[in-house]
Amino acid sequence: MGDVYYKTIKKITSVLLFVEGIKDAAYGEMADIKLEGGNIVRGQVLDSRNGLSIIQSFGDTRSMNLKETSVRLTGSAATLNVSTNMLGRVFDGLGRPRDNGPPIRSDEQIEINGSAINPYSREEPSEFIQTGISTIDCMNTLVRGQKLPIFSGAGLPHNKLAAQIARQAKLRSNDEGFAVVFGGMGINSEEANFFKREFESTGALEKSIMFLNLSSEPSMERIILPRLVLTTAEYLAYNQGMHVLAILTDMTNYCEALREVSAAREEVPGRRGFPGYMYTDLSTIYERAGKIKGRKGSITQMPILTMPNDDITHPIPDLTGYITEGQIVLSRELYRKGIYPNVSVLPSLSRLMNQGIGKRSTREDHRNVADQLYAAYARGIEVGNLIEIVGEEALTESDKKYLKFSSEFEGKFVSQGYYEDRDIEKTLELGWDLFGALDTEEMKRLKPEQIKKYGKWKDAQRETD
Amino acid sequence: MSEGKIYRVSGPVVIALGLDNPSMYDVVKVGKLGLIGEIIKLDGDQAVIQVYEDTTGIRPGESVVNTHLQLSVDLGPGLLGSIYDGIQRPLDKIKEQSGDFIERGASAPSLDQTKAWHFVPTAKNGSEVSSGSVIGEVAETELVLHKIMVPAGLEGKIMGLSEGDYTINQKIGEVVKGELKTAITLSQRWNVRSHRPVREKIAPHKPLITGQRVIDSLFPVAKGGTAAVPGPFGSGKTVIQQQLAKWSDADVIVYVGCGERGNEMADILMSFPKLLDPKSGKPIMDRTILIANTSNMPVAAREASIYTGITIAEYYRDMGYSVALMSDSTSRWAEALREISGRLEEMPGEEGYPAYLGRRIAEFYERAGMSILLNGETGSITVIGAVSPPGGDVSEPVSQNTLRATRVFWALDSALANARHFPAINWLNSYSLYTDDLKDWYSKNVAEDWESLYKRCMSILQKEAEIKDVVQLVGYDALPEDDKITLYTAQSIREDFLQQSAFDEVDTYTTIKKQGLMLRTIISLDDAYRFALSHGTSAEELRKSPIKQRISRMKFVKEDEIEGFCSETAAEIAAIGKKRT
């Protein structure tokens, strides 16, 4: 440890170094890899035995060699200096400033792997976050402390949606917004600039922290980066009492970096070459959202991933969906129809929705309106598929109403402007407007007293009296 | 105790050298922090250890101490109402020690060591006892009387019992055999990897009543049975498991959250103490034990968690109780097996899972069953395992091996879940192999003609699927009139009976009696429609009949009003028949 440089590298692959003669490297210990020219690249011990250590390099292994390259163990696991001075700053994938600002000096140095929150200490997330987006607020409600990913596809406007959410998200009881900790993994510089510009133009930059690793930068940094984001988020939330929205994009790049390491280690691959432990690995990222009893802050997580070939059964969205508390799925079909935000509501879900809605936080009819919208829209889509086979003439009167309903639902309810911030009452009213086109007796998810109170049928009054 | 040294660390797998004659599955303490591990492979001088905690920072050369004990759980009063991690560390005590984040090497006794329990002997001093004999009782909670049993391997005369307050480690009496005297306390230990013995297993004959209509009426699981719930994410596995934990009529519930979400466990911890058992009116937490090893907690402890759960379940079964164990999700347990197997560089079987996956799954489910206990009483364990198949495709190894080992299959369907039809149990693909065994119980306790009601209901649903295929080709209007009636009734069965909201106060739980009444009402309306049809009324006219609204209100009618409601409805239905004659 300390100043001992080992020059006993036996083998180098694209991401791994096999170093002989190290007796007692700690599992997970950080290492400095010194190149011939004096440049230093960070690395981490992945496997340690008496006499051989396998070290993963976070930088490019280009121009490393067996003779002159040397390795020094730092004696500690990966840590990050945290401080509130980080707000407004931009860092790289290893936590070094990339905005020409000074490095962060702080007494608080935290291990980036974090520890699991004791389930007994967790507070159940239940505070409604109004994002101003109808499909989310009404049908897939986000609550403070939730992890709700966006499942998108290549070329879809997921970044725009995430930026709109970051800009509009607030509680109804107060206007206190969120501090945003943003992690960009393997994104291109245009995407990075988009977010920077967004945060600047809304004045959110002072309340945000960015960690960026661009497509051109070492892929191994992507494995560290989300952990830096969450370590920072945990510090702000649990030590400083802030409410944090952590945005991680693009998780697909993260998983690919993980696969790269796994392949280099010649591990037995699971589905599509991704490692068998990917579920566990992803959970150590996603599970770092939540609230803790007796502490003020919270971490709400919004990871973004692009589904390869729009396939939701691909291991990345699949394993993510099993860990996160729901998902917002973006639809290519709606996007082609020119609808923004192109949220595909049927496969979308928020598991914590029930805790955050109802009489006390939103309105007593919220659950029923959401269920009825789902059921009616599902029926409309079903009818739409039927037309392709039997033609429109074969439809019953009621089928035609559902068909019309679903197209109005897409046009008026799903679709909204990038700067349109709808409050929840407005959204629910929109829902009731749409029900007006259907028959009251088919509204099985709505309660009679709600129909009486909010119903927009011309003869609703008469029917229920 | 013997000491060795760490030779290699690779994630949760550690290899130690120099342990003195280690045995398979010995529990060891690893490194300076004393992390708990278990020996899973011996190779020459090398002992391969799976460690139940994160190994970051552990170095070759640190010490490994063999305890020469097997991974065991503490069994005794104080289990109920507790929340444990996968190796039975009490999470509430751990929190007091190490704060909101779980620190490594934390340990605390599984059972409260200081609390005094009031013990009442039920066996006479001097009587002959053997393993499993009940010698006394402790009122553990208001719901459950904890029976104190003679530990395995002991027999002789019981001596020295007297009523009084004891902590779990104090001697309450002794078993005397010749010269040999063995002290008995309120608690005992058991190795989690071997099952607790019973005299024999018998065929289950009673259903586990869950208050969930699609389960109790169509696909029941017997007390002592096994059920699998496979489904893609978002199809409602966890909600079903939680509903069963809340409402099923077992005496004791063991809920294993195996590799799932932390917030879900928080939800259970929040809601269970507030929920009252429909039978007794007492908080259901009084009969519940939670095992929470969330996905980000160490993977090896996840592997152990279902064994910890089932051992505790067996202990309560041995008292003569019916126990239900929910495991959410067994796929995460299987993945833990795969992960460790991969680190051991074992030759993989299907999809990287170890070759012994099928055997391990079958062994686990075999610990369920209705049993004659060692003391002659009966007790049962029902196991309900959630499975999370990748992409919802049940052709993968964990689902397939689970289906081979279980007798009830609740097939969750993402299309139903997307249309918010919950519980999203597909009525065409699901099955229960207990329907025949339970036939007598249903005809005695629900309705004499239960079997014909059930068959009628299932055939209408089957027929609906066939008709829907036809509609795709010819359109709805071209259907024969009686097929249209089948569609109306099937719709009513789906929406008014099978669909059930877990979040509605009344709808969340339906007694089996009300289920019988509801199903009968829907079927008798079908009869009336068909009668009217044969007397010249058109299907379209019948579709508009106002009675439908009444039927759809049925599920929200409270239990004490349902009989009146159904007989009024029956009268209206009868009128449909009469009007047309």
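F364(B) is buried, and Y365(B) is buried too; here buried means under 20% relative accessible area, with exposed being over 50% and partly exposed in between (1.4 Å probe, protein chains only). This is a predicted model, where local features need pLDDT of at least 70, side-chain atom pairs count only at pLDDT 80 or more, and totals for chains, interfaces and linings use all residues. Residues are numbered from 1 along each chain as its sequence is written, chains are lettered from A and ligands numbered from 1 in the order in which they are written, and side-chain values use heavy atoms, leaving out hydrogens and water.

Now for the rings. A pair of aromatic rings is described by the distance of the centres and the angle of the planes. Rings of Phe, Tyr and Trp (its six-membered ring) pair if their centres lie within 6.5 Å; planes under 30 degrees apart count as stacked, over 60 as edge-to-face and the rest as tilted. By this rule there are 25 aromatic pairs over all chains. F364(B) and Y365(B) make an edge-to-face pair, at 5.1 Å centre to centre and with 70° between the planes. In Y442(B) and W450(B), the ring centres are 5.1 Å apart and the planes sit at 20°, so this pair is stacked. Y442(B) and W450(B) are both buried. Over in chain A, one aromatic cluster is made up of Y377(A), F405(A), F409(A), F413(A), W432(A), F435(A), Y454(A) and W457(A).

Rings can also have a charge over them, which is counted if NZ of Lys or CZ of Arg is within 6 Å of the ring centre and within 35 degrees of the ring normal. K34(A) has its charged end over the ring of Y5(A), 4.7 Å from the centre. R213(B) does likewise with the ring of F497(B), at 5.9 Å from the centre.

Next come the strands. Helices (H or I, at least four residues) and strands (E, at least two) are DSSP runs, numbered from the N terminus, and two strands pair if DSSP finds at least two bridges between them. Chain B has an open sheet of four strands in the order 10-13-15-16, with antiparallel pairing. Strand 10 (128-130) and strand 16 (180-184) of chain B are at the edges with a single partner strand each, so one side of each has no neighbour in the sheet. Strand 10 of chain B is joined to strand 13 (residues 155-159) of chain B by three bridges, and S130(B) stands opposite E155(B) in strand 13.

Strand 22 (residues 322-328) of chain B has seven of its seven residues buried, so it is largely enclosed by the rest of the structure. S322(B), A324(B), M326(B) and D328(B) point one way from this strand, while V323(B), L325(B) and S327(B) point the other way. Six bridges link strand 22 of chain B to strand 20 (residues 252-258) of chain B, and the two run parallel; V254(B) stands opposite L325(B). Strand 22 of chain B also runs parallel to strand 24 (residues 378-387) of chain B, again with six bridges, and V323(B) has I381(B) as its bridge partner there.

In chain A, strand 1 (residues 9-12) and strand 2 (residues 16-20) run antiparallel and share three bridges. A hairpin of three residues joins strand 1 of chain A to strand 2 of chain A, and I12(A) has L17(A) as its bridge partner.
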